[in-house]
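Reader: I'd like to go through this one with you. Can we put it up and start with a single residue?

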Amino acid sequence: MYLLIYENVHIVSNDTGEVFESYLDGVIYVQTEKEKELARKHFKEKIPELPPGEVKFAPAKEYEKRGGFIWNIHDNAKILYPELRPASLTRLMFLATFLCYDGYLRDGRNPILRNTLGLYLNVGRREYFRFWSEMTSLGLMYEKDGKIYLNEDMFVKGSICKDKIRDLADKGVYITRIYSAAVRELYRSATPSSIKTLSYLFRILPYVNREYNICCFDPLETDIRALTPMTLGDFADVVGYDRSSASRLAKILHTPVFEIDGKQMNAMRYVAANDTKAETYGMFINPRIYYAGSDWSKVEVLCGFNSAT
């Protein structure tokens, strides 16, 4: 994994396996030695006067431990897919982590077929048909040539061109990385009951600040001092949970854990002020589950809070 630096131009690596421009000016992603050559060619064509000595590669340590991800495309500060049943939302986000660059679900080299979908979801025949009917009727998922595709206006693996991202932002629509390893582990370790409560982590995604991963009412705010944090009571109101049962909600949201780099991590953490009532807690989402920002140093400390603390 490599980092190319030319003045304020950065090339960083991720799991997309291709070279492309992201929503940040001058950012190109590379992964392999072949892609390094593609990156050099790109810059030679884009900046002909660029001296060869100005192109340098160095280890991209900041990005190398993030793991594979897909993009979720969503409205700003609006509940994610409110039309879906809670369990269906969690299952959709789980399946989305199997999205390949061609837009269909694939596990390794093998397409995930419709007749195996229930096995992946670990659900019975009745629930599988109910889920499939829900996905297809809402246009979130469809079958073509024996393969299962996701709506490309909502999920993407790999390149999203800069112009499209700007057009989306003009409409109040943004993109967030959903990290595959954490989401899969959360799903596979969940009980039938907690599958439903896991949906709250995804339901609130459009309210999570894009730079700091704090649940708030101004997810586009870049000045952390100007944020308007969302309390657990506010969170309950937004997702339709009974605010008077905030203590129970706090326990439910704190329970899901996943393992990264040999450490058990919580999916959500709280910040308590002098008032110890659960409904006054502030909250942040572990960025190893999802993160939209461009500066990992702003959220890296949040990954340090594991389930043992």
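Reader: Which strand does V173 lie in?

Author: V173 lies in strand β11. Helices (H or I, at least four residues) and strands (E, at least two) are DSSP runs, numbered from the N terminus. This is a predicted model, in which local features need pLDDT of at least 70, side-chain atom pairs count only at pLDDT 80 or more, and totals for chains, interfaces and linings use all residues. Residues are numbered from 1 along each chain as its sequence is written, and side-chain values use heavy atoms, with hydrogens and water left out.

Reader: Is V173 buried or exposed?

Author: V173 is buried, at a relative accessible area of 14%. Buried means under 20% relative accessible area, exposed over 50%, and partly exposed in between (1.4 Å probe, protein chains only).

Reader: What does V173 touch?

Author: Leaving aside residues up to four places away in sequence, V173 touches I73, H74, D75 and L168; contact means heavy atoms within 4.5 Å. V173 and D75 are 98 residues apart in sequence, yet their C-alpha atoms are 4.4 Å apart in space.

Reader: OK, whole chain. How many helices and strands?

Author: The chain has nine helices and 16 strands. Of its 309 residues, 50% count as buried. Among contacts between residues at least 6 apart in sequence, 63% join residues at least 24 apart.

Reader: Which residues touch the most other members of the largest nonpolar core?

Author: L117, M141, L232 and F235, out of 82 residues in that core. Helix α2 (residues 86-96) gives the most to this core, with seven residues. A nonpolar core here is a set of buried Ala, Val, Leu, Ile, Met, Phe, Trp, Tyr and Cys residues joined through side-chain atoms within 4.5 Å. The contacts of M141, not counting residues up to four places away in sequence, include L92, L95, L117 and W132.

Reader: Why is α2 largely enclosed by the rest of the structure?

Author: Because 10 of the 11 residues of α2 are buried. Among them are S88, T90 and R91, along with L92 and L95.

Reader: What about α6, which residues are buried there?

Author: In α6 (residues 180-188), S180, A182, V183, L186 and Y187 are buried. Their cover includes β5 (69-75), α2, α3 (117-121), β11, α7 (192-203) and β12 (257-260).

Reader: Cavities next. How many of 30 Å³ or more?

Author: A search of the whole structure finds one. On a 1 Å grid over the protein atoms alone, a cavity is a set of points where a 1.4 Å probe fits but cannot get out, and lining residues have an atom within 4 Å of a point.

Reader: What lines the largest cavity?

Author: It is lined by 15 residues, with T176, L205, V208, R210 and A292 nearest its centre. β11 (173-179) and β16 are the elements that give two or more residues to this lining.

Reader: Last one, where is V299 found?

Author: V299 is in the segment after β16 (290-291). V299 is buried, with a relative accessible area of 0%. Not counting residues up to four places away in sequence, V299 touches E211, Y212, N213, P287 and Y291.

Technical notes. On a 1 Å grid over the protein atoms alone, a cavity is a set of points where a 1.4 Å probe fits but cannot get out, and a pocket is an open set with protein on both sides within 12 Å along at least five of seven lines; lining residues have an atom within 4 Å of a point. Grid points are joined across faces, edges and corners, and a volume is the space filled by probe spheres set on the points.
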